[in-house]
Amino acid sequence: MTSLHDVYINRVAAFLPNEPVTNDQMEQVLGMIGNTPSRVRKMILRSNAIKTRHYAINPETRETTHTSTELAVEAINDLIRQGMNVNEVSCLACGTSYPDQIMPGQGVMVHGLIPNAPPYEVLTTAGVCVAGMAAMKHAYNAVRTGEHQSSIAVASEAASAIMRGEHFQAEIEQRLLDEAKPEIGFEKDFLRWMLSDGAGAVQLSNHPNQHGLSLKIQWIDLISYANEMPVCMYAGAEIRNEQFVSWKNVTKEEREARSMMAVKQDVKLLNENIVRCTVENALLRLIDKYDLKADKIDYFLPHYSSGFFRDKLLDGLKNINFEIPQEKWFTNLESKGNTGSASIYIILQEFLEKFPLQNGQKVLCYIPESGRFSSCFMLLEVVNGH
């Protein structure tokens, strides 16, 4: 039997399009819906604690500047600038919540735009936030098994493309005809002020960097609770009378009038279950499985979607006797926003820039997903080359 190889993160890159967009600029860039300012925007922004984010939109012309595919390639280009040789890589795994096209897969679209890339094994992972970590795990296993010596994992989001005000025009017109309020439902408007654009990428290999830091991946563990939980965050569908209805099974007119392609969130279901499922239940299984000790964790990198969940996350850790003090936490939600599947990559890139890491330190990453309640934890060890 072939022995398994150690796997190291050699390079980390992030790409955020255009200048940061402040809370006061958001509605101008995304566009109002029905020429009416959002009634919930300020309330949601107070709760989520995000101050700036990035959109792949020119704020002056409101034209798209990057697709999700192009954002991913920009992050990979940064790996190349850092010294990655595209010919030494043989596997590419790409995750995203909302690809630019239904087919082909996002991964091959990204592969097609990487400068001078040779043929690769390519995988596309679907989902929501955990899609980025599913890509990372495939890239990790590709190297771990010895099938590949080096791989790329990348995640990207262009949420703004589907959150523009004009996409909801048909629904607004329908609501006016029905003498309803000229605004979209809270489950859609909520996410317009939560999501933003960006991409991140890592290069993995079976050896640490000779000089500088590497991150040895101890393990990546993903779990889904879809067997017991209903759909919570979704697009291309809607829930009617507790039935999940696909965009494929309605007319074009109905699809537009109900903004079925918009991203939607059952906020009540989210608030009541996200910590219990993705922190308490998910992490509790790993404590015994990997003999985890909270006091052995030097840094905690959580991807939570909103500042609203910060203290709730701490409470969840306390509930399972795995408290990691918040002074050990790092997130850049406030300045970079919630970039979905790309968030943990973007967090990791800034973390490596800002913190004076020491050989042997342990970094625990946490990535939840409310699509149908999935969770991922990843444990990294700092390796300091000479």
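Ile 217 touches Val 7, Ile 9, Tyr 140, Leu 204, Met 378, Leu 379 and Leu 380, leaving out residues up to four places away in sequence; contact means heavy atoms within 4.5 Å. The model is predicted: local features need pLDDT of at least 70 and side-chain atom pairs count only at pLDDT 80 or more, while totals for chains, interfaces and linings use all residues. Residues are numbered from 1 along each chain as its sequence is written, and side-chain values use heavy atoms, with hydrogens and water left out.

Ile 217 is also one of the residues that touch the most other members of the largest nonpolar core, together with Ile 9, Leu 301 and Leu 380; this core has 58 residues. Because domain 1 (7-210) and domain 2 (216-226 + 266-384) both give residues to this core, it lies between them. Apart from it lies another core, of 34 residues, among them Cys 232, Leu 314, Phe 373 and Phe 377. A nonpolar core here is a set of buried Ala, Val, Leu, Ile, Met, Phe, Trp, Tyr and Cys residues joined through side-chain atoms within 4.5 Å. Buried means under 20% relative accessible area, exposed over 50%, and partly exposed in between, with a 1.4 Å probe and protein chains only.

## Domains

The protein is divided into domain 1 (7-210) and domain 2 (216-226 + 266-384), with bounds that come from an automatic or database domain assignment. Their centres, taken over C-alpha atoms, are separated by 20 Å. Domain 1 puts 47 residues into the contact and domain 2 puts in 39 residues.

## Leu 71

Leu 71 is found in helix H3 (residues 68-81). Helices (H or I, at least four residues) and strands (E, at least two) are DSSP runs, numbered from the N terminus. Leu 71 counts as buried because its relative accessibility is 0%. Leaving out residues up to four places away in sequence, the contacts of Leu 71 include Phe 15, Pro 17, His 66, Ser 156 and Asp 197. Leu 71 and Gly 200 are 129 residues apart along the chain, and their C-alpha atoms are separated by 8.5 Å.

UniProt lists residues 288-365 for "domain: Beta-ketoacyl-[acyl-carrier-protein] synthase III C-terminal", in an unreviewed entry. UniProt positions are given in the numbering used here, feature names are shortened, and annotations may be inferred rather than shown by experiment. The span 288-365 is 36% helix and 10% strand, and its end C-alpha atoms lie 17 Å apart.

Gln 361 sits in the loop between helix H13 (343-354) and strand S14 (362-369). With 15% relative accessibility, Gln 361 counts as buried. Apart from residues up to four places away in sequence, Gln 361 touches Asp 298, Tyr 299, Pro 356, Leu 380, Glu 381 and Val 382.

Ser 305 is in the loop between strand S13 (299-302) and helix H11 (310-319). Neighbours within four places in sequence aside, Ser 305 is in contact with Ile 50, Met 194, Leu 333 and Asn 338.

Leu 333 and Asn 338 are among the residues that line the second largest cavity, as are His 303, Thr 331 and Lys 336. Helix H12 (333-336) and H13 are the elements that give two or more residues to this lining; H13 gives the most, with three residues. About 50 Å³ of space lies in the second largest cavity, and the count comes to three cavities of 30 Å³ or more. On a 1 Å grid over the protein atoms alone, a cavity is a set of points where a 1.4 Å probe fits but cannot get out; lining residues have an atom within 4 Å of a point. Grid points are joined across faces, edges and corners, and a volume is the space filled by probe spheres set on the points.

Notes
1 Å grid on protein atoms, 1.4 Å probe; cavity = no way out; pocket = protein on both sides within 12 Å on 5 of 7 lines; lining within 4 Å.
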